[in-house]
Amino acid sequence: MHQEEHEVAVLGAPQGSGPVMSTVVNIRSETVVPDHIVWSLFNTLFFNPCCLGFVAFAYSVKARDRKMVGDVTGAQSYASTAKCLNIWAVVLGLLVISAVTITVIVIPVQWFQTILEELLD
């Protein structure tokens, strides 16, 4: 036996008529609230039509601040708004990229074909 176990065995259980004290530990189940800050930063840098990426980034920072304070409801509200703005930023960004690609590639090719047809006639 170890020395501590031997001492407990020799001393026995605590003797006394004092009140038994107990300790209660409250463990909060932390709700994970995604703040979408990385997605918002990406949209701010690359997909930022109408400044939606920047506004989403601002809401993501507010969601992170609320989460740090412990306001889960406020954090969820700001995170939901940031998510919605991020979705719109990606959709509008892809539409803008598609429109620019079509404008830069398709229209000059059609124009060049028209000129070639006129020259060959």
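In helix α2, which covers residues 37-45, the buried residues are Ile 37, Ser 40, Asn 43 and Thr 44. Here, buried means under 20% relative accessible area, exposed means over 50%, and partly exposed is in between, with a 1.4 Å probe and protein chains only. Helices (H or I, at least four residues) and strands (E, at least two) are DSSP runs, numbered from the N terminus.

The buried residues of α2 pack against α3 (52-69) and α4 (72-120), where contact means heavy atoms within 4.5 Å.

## About the model

This is a predicted model, in which local features need pLDDT of at least 70 and side-chain atom pairs count only at pLDDT 80 or more, while totals for chains, interfaces and linings use all residues. Residues are numbered from 1 along each chain as its sequence is written, and side-chain values use heavy atoms, with hydrogens and water left out.

## The chain as a whole

The protein chain has four helices and zero strands, so its elements run α-α-α-α from the N terminus on. Of the 121 residues in the protein chain, 18% are buried. Looking at contacts between residues at least 6 apart in sequence, 64% join residues at least 24 apart.

## Helix α3

How far apart are the end C-alpha atoms of α3? They are 26 Å apart, which agrees with the 26 Å that its 18 residues should span at 1.5 Å a residue; the expected span is 1.5 Å times one less than the number of residues.

Leu 52, Gly 53, Ala 56, Ser 60 and Ala 63 are the buried residues of α3. Seen down the helix axis, they fall within an arc of 90°, so they line one face of α3. Their packing partners are α2 and α4. On the other side of α3, Met 68 and Val 69 are exposed. Gly 70 follows α3 and has a positive phi, near 105°.

## How α2 meets α4

Two packed helices are described by the angle between their axes and the distance between the axes. For α2 and α4, the axes come within 10 Å and cross at roughly 35°. Axes are lines fitted to C-alpha atoms, for helices over the stretch in contact, and angles run from 0 to 180 degrees between N-to-C directions.

The crossing of α2 past α4 is left-handed, meaning that the near helix is turned anticlockwise from the far one by less than a right angle (right-handed if clockwise). Trp 39, Ser 40 and Asn 43 of α2 make the contact with Lys 83, Asn 86, Ile 87, Ala 89 and Val 90 of α4.

## Loops and cysteines

Most residues other than glycine have a negative phi. His 36, in the loop between α1 (3-11) and α2, has a positive phi near 60°. Cys 51, in the loop between α2 and α3, also has a positive phi near 60°.

The structure holds zero disulfides, a disulfide being a pair of cysteine sulfur atoms within 2.5 Å. Cys 50 is in no disulfide, and the nearest cysteine sulfur, that of Cys 51, is 7.6 Å away. Cys 50 counts as exposed at 71% relative accessibility, whereas Cys 51 is partly exposed at 46% and Cys 84 is partly exposed at 41%.

Conventions. Arc of directions from axis to C-beta.
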